[in-house]
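Please look over the sequence and the model below before reading on.

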Amino acid sequence: MKNLWNDAEAEAMVAAYARKGVGRDLALRVYTTRLLGGEPRLVLHGGGNTSVKTRVADLLGDEWEVLCVKGSGWDMAVIEPAGLPAVKLATLLKARRLKTLSDEDMVALQRANLIDPSSPNPSVETLLHAFLPHKFVDHTHSTAVLAIVDQGEEAEALSKKVFGPKMGFVPYIKPGFDLAKVAADVYDADPSVEGLILDKHGIFTFADTAKEAYDRMIHYVSMAEDYVAKTGKDPLKPAALPAKLAKPAEIASMLRGAVAVDKDEGRFDRMVSDFRTSPAILEFVNAAALEDFAAAGVSTPDLSIRIKTGPMVLPAPAAENLKAYKAEIEKRVAAYADAYRRYFEENDALDAVKRTMLDPMPRLSLVPGLGLFGHGRTLKDAKIAADVGEMWIEAVRGAASIGTFRPLSKADLFPLEYWSLEQAKLASNKPKPLTGQVALVTGGAGAIGAATAKLFAREGAHVVVVDLDGVRAAEVAKAAGNASIGVAADVTDPAAIRAAFDKAVETYGGVDIVVSNAGAAFEGAIGDIDDALLRESFELNFFSHQNVAQNAVRIMKEQGTGGALLFNTSKQAVNPGPKFGAYGLPKAATLFLSRQYALDYGALGIRSNAVNADRIRSGLLTDAMIASRSKARGLSEKDYMSGNLLGQEVTAEDVAQAFLHHALAERTTADVTTVDGGNIAAALR
């Protein structure tokens, strides 16, 4: 592993933080923490921790000797000084005299001794950092080190062979007070050691300078890497695969639907998926021993928070029989969930602690011939699961190449996955109404589309903003946030619409809500209008809605979790205006199209509703058109735009709220919601 320490960069960071009132010790701690956190083979997504013992002043100006240690929720790759809360060291050291200390009391003790009470909770391994006497302490979950320690009973002997006498060995103990005491005892038995190897867990190194502690980490990790590279034998014998494989996009929606949590009839907690493949991933997932590797579990207990007890394995998908493959996915997911429930029930029964079972769905799926899928309630969580999957593969392959992959048993994993403090954190985590859902909005760069995309993203959805103007679609998606994407597509082109939906599947795994909003107004007396213009209007204002809905239903049927089709049909569908027949006729057809979809697909849980809006400032109703029509009616622009029963102008945001209402109304279909401020002539009878 490459040593990334750079004297000039380190001193530049010290100088930059000095200008902000941060001392040299903490600045260097931040510098090397980022070096470690930026290497996924050492640390992933909140894993690992570091510390420095130094002196700081409190608000009264009193100086204290403290331990600045990584705080909960901080990512080492991007950590700031605030992510290393200062804890009074003297009290932490006194805790070593105790015989027992519960996790809850340990956290209370640490919080009670924070210099800044608003700081995040210090790491669960704070006491271990405190009990070691060195100024700088580093801890990672190196994949190469895990290859050495995930060897069952042979781990200690192999560790001594690989690392020599300068590294102590600590048997597996759940992180917390007990581990801190045992690790300190191991160090005290031989203070000449430069670090500790923690069985089934990872590696600690320490020194009196930031550089030396970091150098030692890189040195010993490199020793592990060299040992695996030089002595390891390829453990991956390939299994037979179908002659023709399905594509990832052909199974993604099936898989996404299968891992959704069925809360009750027709209501699901959905997840999104992130697909990965590479030569290294393929070589691993194509191995004959794949199911054995997966059944063994996670390479370090820290991963249980991300991928539960380990990955789910699917068979290789043959291209010619996808219907049967969908049934096989559902069978495998059900088996995984049943095994997880048994794991919970058997281990939960061993004590009187009250626990809430996490959902039993896999967070990592391995597919021979294709690659891996990470699953999560957000795209961020899905990507984290996929990242973890890649590093799990590396650790497992390394362990199997030098022996047999034997990680921590699932019985020992359970107390960490169901750590009481993690349970409390989960209980306070309230998802947004559309968390886990994917929405596709056509005409997404227009006023109504942009307002809808923004609102849906704010409520938790990942949004695919589709528009003829791809640049503007990307801008709207970026403004909406929540990892939304923009896609350029002409909605009158069936191939382009198919590609837009395929992009949604490629990015998120599927689609749950479709807002078919794209349209344009065509003017002219119906008896005089050119036939080509009328057909053009029908292509955009009717047939494009049919193309969009067909693609949505195709994916929703594969997912099997229902969905929502939402159509913008306009008040013209029920209250035609003079010289707007070319616009109103296809809109009326689209209104009935929405009801036909409700009729034909309601049994599958697919809801279909429409929104009739009027006088919304947008690409349809431009400022020039508003000026023209208000002048023609002898009204001011303000009176024209607020010419309704409520006497108020209706905005794009009001229409977006109507679409959101329908997206959330799980027992409503074949409905039409009017958003026009009140127009009796347009009211449905």
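Seven strands make up an open sheet with parallel pairing, in the order S16-S15-S14-S17-S18-S19-S20, where strands are DSSP runs (E, at least two residues) and helices likewise (H or I, at least four), numbered from the N terminus, and two strands pair if DSSP finds at least two bridges between them. This is a predicted model, in which local features need pLDDT of at least 70 and side-chain atom pairs count only at pLDDT 80 or more, while totals for chains, interfaces and linings use all residues. Residues are numbered from 1 along each chain as its sequence is written, and side-chain values use heavy atoms, with hydrogens and water left out.

- Strand S15 (residues 462-467) runs parallel to S16 and is joined to S16 by four bridges, with Val466 opposite Val487 in S16.

**The antiparallel strands**

- Strand S1 (residues 49-57) and strand S2 (residues 63-69) run antiparallel and are joined by seven bridges, with Ser51 standing opposite Val69 in S2.
- S1 and S2 form a hairpin with five residues between them, and Gly61 in the turn has a positive phi of about 90 degrees.
- S2 also pairs with strand S3 (residues 86-88) in the antiparallel sense, over three bridges, and Lys88 in S3 is the bridge partner of Val66.

**Ser304**

- Ser304 lies in helix H13 (residues 304-307), and at 3% relative accessibility Ser304 counts as buried (under 20% relative accessible area, with exposed over 50% and partly exposed in between, using a 1.4 Å probe and protein chains only).
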